[in-house]
Amino acid sequence: MLKKTLLIVGGIVLFVLVAAAAAPLLFKDKLVEIAKKEINNQLDAKVAFRDVSVSLFRRFPRLSVGLEELSVSGNDRFMKDTLIAARQIDIVVNLFSLLGSGPVSIKKVVLEEPRIHAIIDKDGKTNWDIMKADTAAQQDTHETGAFHLKLNNYAINNGRIKYEDRQGNMDLEIEGLEHEGSGDLTADEFTLNTSTSTKATNFTYEGIPWLSNVRSNIDADLKINTTTGKYAFEAAKLSLNDLEVNADGYFQLVNDSTYGMDIRFNTPSNDFKSLLSLVPAIYKNDFDQIKTSGTASFSGMVKGTYSPTRLPAYDVKAQVKDGAFHYPGLPMQVSKINLDLQASNADGQPDNTVINIPQASLLMGKEPFQFHLLYKQPLTAQFIDMAAKGKLDLSTIDQFIKLAAGTVVKGLVDADIKAKGNLNVVLQQKPGPFQAEGLIKIANLYYASAAFPQPIQNTNAIIQVSNPDGIPDNTVVNIPSGHVEFGADKVDFDLLLKQPASDPYFDAGVKGSFDLARVKQFYSFEPGTSLAGKLNGDIRVKGRKSMVDKEQYQSIDLGGSVLLNQVDYKTPDYPEGLQLRNATITMQPGKFRLVNSNGSFMGTNFSATGDLTNAIGYALKDEPLSGSLNMQADKVDLNKWMGTPVQEEGQPTEGSGPFLVPANINFTVNAAVDQVKYDNTNYNNVRGNLQIANETVDLRQVNMDALGGNIGLKGSYSTRQEKSRPAISLSYDLANLDVQQTFKAFNTVKYLAPVAEFISGKLNSSLTMNGHLGETMMPDLASLTGKGNLLLLEGVLSKFAPLEQLANKLQLTDLKQISVKDIKQYIEFVNGKVLVKPYKVKVKDIDMEIGGMHGFDQSLDYIVNLKVPRDKLGKEANQLVNGLAAEFTKKGLPVSMGETVSLKVKLGGTIKNPSFTYNLQDASNSLANELEQKAKDIAAEQKAKVDSIATATKKAAKDSLNTLKQQALADAQKSLQEKLSGKKDSASSGQSTQKRAEEMGKDLLNNLLRKKKKGTDSTRAN
């Protein structure tokens, strides 16, 4: 009996193991199909995953489905930003739901190592708005689609979140996120039990780092109402390093950019050590050994609505009384730490924000440091009342604080400075009170650490702020001489600022050298990126702010030079890097001049000279960078430059997206290149002019030798209207090109003149073409329209299936291989169809007139009029002709045939599989009349394309005019308000209606005159 039982149990176990092993094979294809279908149905985004893994062992007894290496990228302006990238998303499904035809039931979702990059751009648009509009209404239906969501558990393991609110100037970064939630997630109202921890949290608002590398834990039970989007919590426990915080309240999702909230929080402990843990330099070094005394408190509230235009009301308070800390083993303590801080906003209006620190002080040994600050009305007056006084001997810091291994700090900082009044008086030249005075001395400053091996040393500066009579415009800021050394590099600098309330005057200079390899000490490069080289500079600039405001850059007294030597810049995409052997840039009012430069890039040796005529406007106001560049190069391999492998014939070309013409440059480039290689073709002696402006590259007088002849080219390439479908408008002049080489080199020739594949010889051609390129930078055939001519100078046509089969049918062996000379074709094309106007060919004593149409799909619709001597026709051909004549005679249409037979052949089918019909009637008439309707049809289609572009241009003009009217009205109202109130909204962009009108005018002019014509993973840390 026992043996039988064991056999049965063993059989069951074996069955389960076999079933578990077979599950991936049985259900993988179905799950892949469902996943792709649901992604396409639900998301307007670029979604990719490497594979789908299926396992019954991973989440036994349920089936685990893993989407491996999933990535989701946004659309439109966010197409180069990765929203989500995850090593794996594990979805736990009900195994039995896979057996039927109904929806698949999901029980749990686990995100393994997800990287999430959420963005709100300056216009308030979010990169996570990727749901298709027609599916949004289905979100509250649990039974919709191929999946039935019945979640009661989810988890995130080792996640990274980066949140950028570019409109609100807020950034949040979370590293090492571990999160788990459980509850009935399918209910309209339920409690979600959550546990969250992070290894590092960084939060910055308005450029101020409020949290820096803080370890956090949160345990909260959320009462969720999915109908109202409200998340309520009581007695939630939050820890930030060693600081514990209790919180109560709610958070509500109103829409994608608006949130409601009412949250109150406080610290249960008054231990000063808990608050001290938020200081990164102290917390990371033997924090558990620190002895502390004193009390501290932290409390606050946030209540109201957060949106792109509004903040919630808040009141946050922090206090420290008689705080002190002492590291065991160090001789001195920091004592008498007192802080009273309050950050508040009573009604959520940004300008009503107040930051008040009535007192802040500490004693380091015997040296006291005191500070106070009041800052309010940040968007208008920007009132400030601050003072700082104290002396710090940095060489004694290691007697108070345990520094990280290898960290050395030295030097003296002596400060006694104060300021009171409206900052907008000196920053925006508004009327009002302001006074500042004081002195800051920095002597022999030295800093080095393990991450900063080349020290900042011998740093000395005196910053003098004076105001003798309290008049704001008499404030003077002076740094008579400053000096800083980065390792062996030395830099001297000075600065004078005066008359800040009327028209600020500046006089500044910098002189010294810098090893570019030291940049990595200040900036974290992407892995695989490096920079080396030497920079030497001597620059002096004098001027007034009004010169910048009025764009009178030529009036700014700018002079000096910058020398670059042996610069080597490498990136993961270009591991060979850019080598700039030397470059000299001289500066003068209104102009930067590249005197000489030479280097190499991707195997190309180059030299260049040129001018930048708006560098200051570009740097300060993001105005278009204008100038000219003269460049010479030896060999340019565009296949390497573009990261495009050479394609074998017949293989499709892949790319990482079109080249986007920069929006804010206005540049002329004169280029001379000995050889350019693209795909399998070499272009020699390339000369030409490029004008880059308005996101468009205009090619002018471009000339090159290639394919056994010469190519002249002019036209434009633009990504102004459509980033993913660049508009092209090109004109070619081809002279004495080899037909076979040309056919293999240019895809357009394969479609416009497919017969060229069977011709050996030379040709000339003039052609205009307008249309679009696709995302792979190949022509969008359906968009192409144009016309031109092809002149076959001399050649042989052979192995052309339509002609060979016609020759066989008529037994005219002379047609199987034709020697031709000076044959000229006139063509027009639109919507994938090519009209070939009638042309004549004589083969020995056979006359042919040919005309008609063919498609880019190689379909044929031609007429060939033949005049053939009767004695040339073989027996079968004569029988064909006699049969045709007899048929016409029966219809009462007698046909007389002499020594020469006129035969009309209608050619259809395709190039590889042609079809023929024959006729004797009207065979001697010209084809021009017969093809007249086809020509009219082509002309009508071309006109329709032009009309559609004209309509779009008129609409753009109307929209631009309406925008200008609205802006002009808003400017007038705003101007009136300013005159009445004496205020100006400092949040304004500062761009006038006149400036916008100029830009819109340029846009419209470009549209009227212009003829038709690899994203990075942004979730990764820098």
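The side chains of Glu175 and Arg160 form a salt bridge with an N to O distance of 2.8 Å; the term covers a side-chain nitrogen of Lys or Arg within 4 Å of a carboxyl oxygen of Asp or Glu. This pair links distant parts of the chain, with Glu175 in strand S7 (residues 170-182) and Arg160 in strand S6 (residues 147-165), 15 residues apart. Helices (H or I, at least four residues) and strands (E, at least two) are DSSP runs, numbered from the N terminus. Glu175 counts as partly exposed because its relative accessible area is 28%, whereas Arg160, at 9% relative accessibility, counts as buried. Buried stands for under 20% relative accessible area, exposed for over 50%, and partly exposed for values in between (1.4 Å probe, protein chains only).

The model is predicted: local features need pLDDT of at least 70 and side-chain atom pairs count only at pLDDT 80 or more, while totals for chains, interfaces and linings use all residues. Residues are numbered from 1 along each chain as its sequence is written, and side-chain values use heavy atoms, with hydrogens and water left out.

A search of the whole structure finds 21 salt bridges. Three of them are listed here, including the pair described above.

| Salt bridge | N to O distance |
|---|---|
| Glu175 – Arg160 | 2.8 Å |
| Arg518 – Asp489 | 2.9 Å |
| Glu722 – Arg725 | 3.2 Å |

The side chains of Arg518 and Asp489 meet in a salt bridge at 2.9 Å, N to O. For the pair Glu722 and Arg725, Glu722 is partly exposed, with a relative accessible area of 31%, and Arg725 is partly exposed, at 25%. Elsewhere, salt bridges that share partners join Arg87, Glu112 and Glu113 into one network.

Asp44, Asp76, Asp129 and Asp256 form a negative surface patch. Patches are made of residues with over 30% relative accessible area and no salt bridge, with like charges joined within 9 Å and nonpolar side chains (Val, Leu, Ile, Met, Phe, Trp, Tyr) within 5 Å. Lys and Arg count as positive and Asp and Glu as negative, with His and the chain ends not counted; a charge is placed at NZ of Lys, CZ of Arg, CG of Asp or CD of Glu. Asp256 sits in the loop between strand S11 (243-255) and strand S12 (258-266), and its 40% relative accessibility makes it partly exposed.

Thr910 is in the loop between strand S42 (900-909) and strand S43 (914-919) and is partly exposed at 30% relative accessibility. Thr910 and Asp857 are 53 residues apart in sequence, with 8.3 Å from C-alpha to C-alpha. Apart from neighbours within four places in sequence, Thr910 has contacts (heavy atoms within 4.5 Å) with Gln858, Ser859 and Leu860.

In helix H11 (residues 801-810), the buried residues include Ala801, Pro802, Leu803, Leu806, Ala807 and Leu810. An α-helix has 3.6 residues a turn, so residues three or four places apart point the same way. Gln811, with a positive phi near 55°, follows H11.

Over the whole chain there are 15 helices and 43 strands. Of its 1022 residues, 41% count as buried. The chain exposes about 53800 Å², of which carbon and sulfur atoms supply 55%; accessible areas come from the Shrake-Rupley method with a 1.4 Å probe, and for residues only the protein chains shown count as cover.
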